[in-house]
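Take a look at the structure below. We will walk through a surface patch and some charged pairs.

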Amino acid sequence: MVIHAGLECGLFKRLRPDLEFAIMAMKAGKPAYIEKPLAASYSDCLRVNHISKLTGIPCFVAFYRRYLPYFEKVKDIIQNNQIGKILTVQIRFAVPPRELDFQSGKELPWRLQPEVAGGGGYFYDLAAHQIDFLQYLFGPIIEAEGFCQNMAGLYRVEDTFNACFRFSSGCLY
């Protein structure tokens, strides 16, 4: 992508978290809209946030699902205490192997190619929406612990994740 004076903002849909274009856009004074995840590492997330603060230019991540009517209704139910105070939340996320997952090399889906996606497999791409929604409901994650590994050995990226979160509201996941 070329950043030029006529461009109103940068929209970046990529096959891996590559922040260089977003950073170029912000340095050129243009807001950036990045497909999730923002980055493959915490240090890269801090880097893009630093550039945004330094330039005063916003950088948005494509978390739109929280605004869908179904999810807005869930938030309304929780905020209005219709089911009582939520103390803990449990989510199970599973993507059974598909026929494509048994391929090798560049024939694998991009999410399963560590050199393209950076690792994390389906979790980085799809579970990010659940984590975003939980933060939308219960506030930012203030404490986190987790484990990941490749248990099935079908491809080189992680396929199993376990995590515990504490949200600013006190809710546990």
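Is tyrosine 33 buried, exposed or partly exposed? Its relative accessibility is 33%, so tyrosine 33 counts as partly exposed. Keep in mind that this model is predicted. Tyrosine 33 sits in strand S2, which covers residues 32–34. It also belongs to a nonpolar patch on the surface, together with Phe60, Tyr64 and Leu68. The four share about 380 Å² of accessible area.

Now turn to the charges. The whole structure holds 4 salt bridges. One of them joins the side chains of aspartate 132 and arginine 66, with N and O 2.5 Å apart. This pair links distant parts of the chain, 66 residues apart. Aspartate 132 is in helix H5 (residues 121–138). Arginine 66 is in the loop between strand S3 (59–61) and helix H3 (69–79). Aspartate 132 has a relative accessible area of 9%. That is under the 20% cut-off, so aspartate 132 counts as buried.

Another salt bridge pairs glutamate 115 with arginine 156. Their closest N and O atoms are 2.3 Å apart. Glutamate 115 lies in helix H4 and arginine 156 in the loop between strands S4 and S5, so the pair ties together parts 41 residues apart in sequence. Glutamate 115 is partly exposed at 45%, whereas arginine 156 is exposed at 60%.

Strands S4 and S5 come up again with arginine 166 and glutamate 143. These two form a salt bridge, with closest N and O atoms 3.0 Å apart. Arginine 166 is in strand S5 and glutamate 143 in strand S4, so this bridge ties together parts 23 residues apart in sequence. Arginine 166 is partly exposed, at 36% relative accessibility. Glutamate 143 is partly exposed too, with a relative accessible area of 40%.

Technical notes: Residues are numbered from 1 along each chain as its sequence is written. This is a predicted model: local features need pLDDT of at least 70, side-chain atom pairs count only at pLDDT 80 or more; totals for chains, interfaces and linings use all residues. Side-chain values use heavy atoms; hydrogens and water are left out. Patches are made of residues with over 30% relative accessible area and no salt bridge: like charges are joined within 9 Å, nonpolar side chains (Val, Leu, Ile, Met, Phe, Trp, Tyr) within 5 Å. Accessible areas come from the Shrake-Rupley method with a 1.4 Å probe; for residues, only the protein chains shown count as cover. Helices (H or I, at least four residues) and strands (E, at least two) are DSSP runs, numbered from the N terminus. Buried means under 20% relative accessible area, exposed over 50%, partly exposed in between (1.4 Å probe, protein chains only).
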